[in-house]
Every structure is written in C-alpha cells, then in structure tokens.
Amino acid sequence: MPTPSNDFPLFRQALDTRLPGSLPLDDYLQRGAVRLADHGFEDANTLGMVAVCRDEIASAFVTGVTRHWGKTFGCRSLGGFLLLGRSGILTGVSHAPLVGGRRRFVFFALPHIAISGEGEIGAVYREGLHEASHACGSLAAVLKELASGRIDPRTDFDDLEQCCVRQKLLSGLRYGEQPDLLAATRLACQIIREDGERLLGGVDPKVYDYAFMTGILIHGPDDGDWVYPQSCLLAGDGIPGGRQSIEL
Ligand SMILES: [Zn+2]
C-alpha cells in the first residue's frame, strides 16, 4: 500500500499536528496482529469484524482486516457508528470459530476523515470526480445542518442511518456548540468506543475472548490510508484479569 507522505509535506504536517501518532494502515494492522498474537489471537482461531463507514474509500480497511484475519463480518453503517446494534453484533460473534475451547474475535470500529495533499481536513479527490468532496460526508451533513440553525430530530424510516448519526452526534454536543469536522470525528470516535464497549458487554465472557479496537481512519493523498489509534480493549475469561487495555 502506498504511504506517500514524503511527497506531500502539507499532508504530513497536518497529520502530525492534528492527529499525531497516526500509523500507515498496513503498519497499524500488522502491529495489531503482532500484539494480539501475544494474547492468543491468530487468523486461524479469530473472526474479524469491521465497523467503518459505507463510503467506498473506507473499503481498503476491510480488505486489510480480511488479509490479516480472514473472512470478516461486516458491521458497516454511515459514519462508522454501530447501528447494527445488539442483534447484529451477537449474530456476528456467533460466527467466531471454536478452537481449543475458546471463541475469539477482533472487532475494529472507526469513523473516518480525509486529509488532502494540501493538508485540507475533510477534502478527498475521488476516482472519476474532479472536484474535492468530503469524508466523512455523513458527519459533514450534520455539521452543515448545525451551521444552518435548523435541525430536524424526527426519526425518518426512509433515512434511518443518517437520523441515528445525527442523534448520536447531537447527544455529545453542548447546546449551541458547532465543532469542526475533525472535532466531530473525534467525538464520533468516542461515541463509537462507548457504544461498542456497552454492546460487547452482552457477549458471554465464559465463551468468548475478544479485542475491541477503535481509532480514526484517515484517507491521505494517492489512496494512502492511515490510522490514528485510540483504544484496544481485550476481554473474556481467557484474558488475564478478564479485561485489559493494551497499547499498540
Ligand atoms: Zn463516511
């Protein structure tokens, strides 16, 4: 995978100042696989699960996870929020293999943001389009509504995912607050982490060991992807202490 930051100094500067400690996608996944192998998670005994935005530019993340962890249960929703809910997650984990008396899965959940070669936050040039567009478009749409002063909080079953994204984000803001796209993405990351830890609390620790990984997926120039790591929680009776946070 390309990691062309040296060719794009303004991108590199934006990445280092706004999201310091970010890793090229392959390095992030490789480092995660090595650290999780120390705790018994390997491709052959572990199911991959991925919650990223539906945006096609986030698909490289799913491909990378599949390369490391094999067949991967899809949990994608607009914005990367865990809108598959309790039933979706419990369905996914029920597919985890049973090896040596334990079932294991690694669950990645990340919102995403683009940074252009010029260091512009949120801007991405998509294949076949000459104009820059935004990522994440779902979060940007909520911020646009906030800026307009008109928010419709009603639940629209013809636009269910975006309604949920709107409600999730608004629930994390103070009245009158108008975050920029990066701040909204950080907030989304925090909400996704809290939602994931709560939803995964319904998984039986006597049966399952799991890793729950959060962060921010960053799309740089020339299709280079990066990850700003946020958390890695291990849980289950096969984990010493039943629960630990590890650093990548
Ligand atoms: Zn998106």
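Q: What should I know about numbering and cut-offs here?
A: Residues count from 1 along each chain as its sequence is written, and side-chain values use heavy atoms, with hydrogens and water left out. As the model is predicted, local features need pLDDT of at least 70 and side-chain atom pairs pLDDT 80 or more, while totals for chains, interfaces and linings use all residues.

Q: Which residues are the protein donors of the zinc ion?
A: Cys53 (SG), His112 (NE2) and Cys136 (SG), lying 2.1 to 2.4 Å from the ion. Donors are N, O and S atoms within 2.8 Å of the metal (3.2 Å for Na, K and Ca), and water is not among the atoms, so sites may look incomplete.

Q: How are those donor residues spaced in sequence?
A: As C-x58-H-x23-C. Cysteine 53 is in the loop between strand E2 (46-51) and helix H3 (59-69), and histidine 112 is in strand E6 (residues 112-114), 59 residues apart. Helices (H or I, at least four residues) and strands (E, at least two) are DSSP runs, numbered from the N terminus.

Q: Is histidine 112 buried or exposed?
A: Buried, with a relative accessible area of 1%; cysteine 53 counts as buried too, at 5%. Buried means under 20% relative accessible area, exposed over 50%, partly exposed in between (1.4 Å probe, protein chains only).

Q: Switching topic, which residues form the aromatic cluster?
A: Tyr28, Phe61 and Phe108. Rings of Phe, Tyr and Trp (its six-membered ring) pair if their centres lie within 6.5 Å; planes under 30 degrees apart count as stacked, over 60 as edge-to-face and the rest as tilted.
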